[in-house]
Amino acid sequence: LQLGRRVIDLDTIGLGWVTDLLFHLFIQPISRHLFSTSEKLVDCGHTADDVKCDSETTPILDWRQGYVAGYSADPTSSKGATRHRLVPHTDDSEVTLNCCLGEEHFEGGNVEFYGLRGTPEEGQLVGKV
């Protein structure tokens, strides 16, 4: 695999099970916990007789997509990936899990959040993790 030129969709290369594992073991339980006070999350695909999906309930997350991207501190080296950062972009995900797998003394890999389109903060850095 040549990481760095384009992101690699895990489903495309037969590793969708990794995405499923992360989704079911981590993302859904964490989402239920984080959104428990603001959303009434229910599994509309597997509801018990006493659970109804209606306008007052929100279906649990039911779709996932997994990507792998390679980055290098020195994208010009023959050993490293050919890019050093992710291009700022917008996506429509409700929840995003970023896993940074670097060397032992790796620095960087921050995720930066910018103001939403159509708001006074649009394009301004509003947070960094």
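Residues count as buried under 20% relative accessible area, as exposed over 50%, and as partly exposed in between. Glutamate 112, at 38% relative accessibility, is therefore partly exposed. The model described here is predicted.

**Salt bridges**

The structure contains three salt bridges.

| Salt bridge | N to O distance |
|---|---|
| Aspartate 11 – arginine 64 | 2.9 Å |
| Arginine 64 – aspartate 20 | 2.6 Å |
| Lysine 128 – glutamate 112 | 3.6 Å |

Through shared partners, salt bridges join Asp11, Asp20 and Arg64 into one network. Arginine 64 is buried because its relative accessibility is 17%; it sits in the loop between β3 and β4, 44 residues from aspartate 20 in helix α1. Aspartate 20 has a relative accessible area of 31% and is thus partly exposed, as is aspartate 11 at 36%.

**Surroundings of the network**

Helix α1 also carries threonine 19, which is buried at a relative accessible area of 6%. Beyond its sequence neighbours up to four places away, threonine 19 touches Leu10, Arg64, Gln65 and Gly66. Tryptophan 63, in the loop between β3 (58–59) and β4 (67–68), is by contrast exposed, with a relative accessible area of 63%. Its C-alpha lies 9.6 Å from that of serine 93, 30 residues away in sequence.

**Nonpolar surface**

A nonpolar surface patch of about 1,000 Å² includes Trp17, Leu21, Phe26 and Leu34 among its members. Leucine 34 belongs to helix α1 (residues 16–34) and is exposed, at 56% relative accessibility.

Technical notes
Residues numbered from 1 in each chain as written. Predicted model: local features only at pLDDT ≥ 70, side-chain atom pairs only at ≥ 80, totals over all residues. Heavy atoms only, no water. Patch = residues over 30% accessible without salt bridge, like charges linked within 9 Å, V, L, I, M, F, W, Y side chains within 5 Å. Areas by Shrake-Rupley, 256 points an atom, 1.4 Å probe, with all protein chains shown as cover. Salt bridge = Lys/Arg side-chain N within 4 Å of Asp/Glu carboxyl O. Helix = DSSP H or I, 4+ residues; strand = E, 2+ residues; numbered from the N terminus. Buried < 20%, exposed > 50% of the residue type's maximum accessible area, 1.4 Å probe, protein only. Contact = heavy atoms within 4.5 Å.
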